[in-house]
Amino acid sequence: FRSLFTIVGFKCEPGHSWGPAVRDHYLIHYILSGRGHYEVGDKQYELSAGSGFLAAPSTVIYYQADQDDPWQYTWVGFNGA
């Protein structure tokens with residue numbers, strides 16, 4: 001068994017975005033403050049503090065911090081057999 005596990009935090013600039021793109025590992029984001037937008041498949045979500053979202057391997061996602069109240073989040077990334 002081999003795995004990678006990382007925990008990181010990030011305070012975004014207004015409008016900061018990632019994607020649309022895919023990851024090669026799982027990534028769980030938890031929003032600490034602020035707001036942002038998350039898209040996966042044909043679904044779109046407006047998220048704020050206390051919410052979270054998942055990036056699954058090989059799944060196209062897009063997310064963007066709000067222009068007026070950009071989110072601050074922490075994330076956990078992992079993969080393994």
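Reader: In what order do the elements of the protein chain run from the N terminus on?

Author: They run β-β-β-β-β-β-β-β. The count is zero helices and eight strands. Helices (H or I, at least four residues) and strands (E, at least two) are DSSP runs, numbered from the N terminus. This is a predicted model, where local features need pLDDT of at least 70 and side-chain atom pairs count only at pLDDT 80 or more, while totals for chains, interfaces and linings use all residues. Residues are numbered from 1 along each chain as its sequence is written, and side-chain values use heavy atoms, with hydrogens and water left out.

Reader: Which strands form the open sheet, and in what order?

Author: Start with pairing: two strands pair if DSSP finds at least two bridges between them. Here four strands form an open sheet in the order β2-β7-β4-β5, with antiparallel pairing. β2 (17–21) and β5 (43–48) stand at the edges with a single partner strand each, so one side of each has no neighbour in the sheet.

Reader: Over how many bridges do β4 and β5 pair?

Author: Six, in the antiparallel sense; β4 covers residues 35–40. Within this pairing, Gly36 stands opposite Leu47 of β5.

Reader: What does Leu47 touch?

Author: Contact means heavy atoms within 4.5 Å. Leaving out residues up to four places away in sequence, Leu47 touches Ile31, Gly34, Arg35, Gly36, Tyr38, Gly52, Phe53 and Trp71.

Reader: Which residues have the most contacts inside the largest nonpolar core?

Author: First, the terms. A nonpolar core is a set of buried Ala, Val, Leu, Ile, Met, Phe, Trp, Tyr and Cys residues joined through side-chain atoms within 4.5 Å. Buried means under 20% relative accessible area, exposed over 50%, partly exposed in between (1.4 Å probe, protein chains only). The largest core has 13 residues, and those with the most contacts inside it are Tyr38, Leu47, Phe53, Tyr63, Trp71 and Tyr73. β3 (26–33), β6 (52–55), β7 (61–65) and β8 (72–80) each supply at least two of its residues. β7 gives the most, with three.

Reader: How many salt bridges does a search of the whole structure find?

Author: Side chains of opposite charge can pair when their charged atoms come close. A salt bridge is a side-chain nitrogen of Lys or Arg within 4 Å of a carboxyl oxygen of Asp or Glu. The search finds one. It joins the side chains of Arg35 and Asp66 (3.0 Å, N to O). Arg35 lies in β4 and Asp66 in the loop between β7 and β8, so the pair ties together parts 31 residues apart in sequence. Arg35 is partly exposed, with a relative accessible area of 37%.
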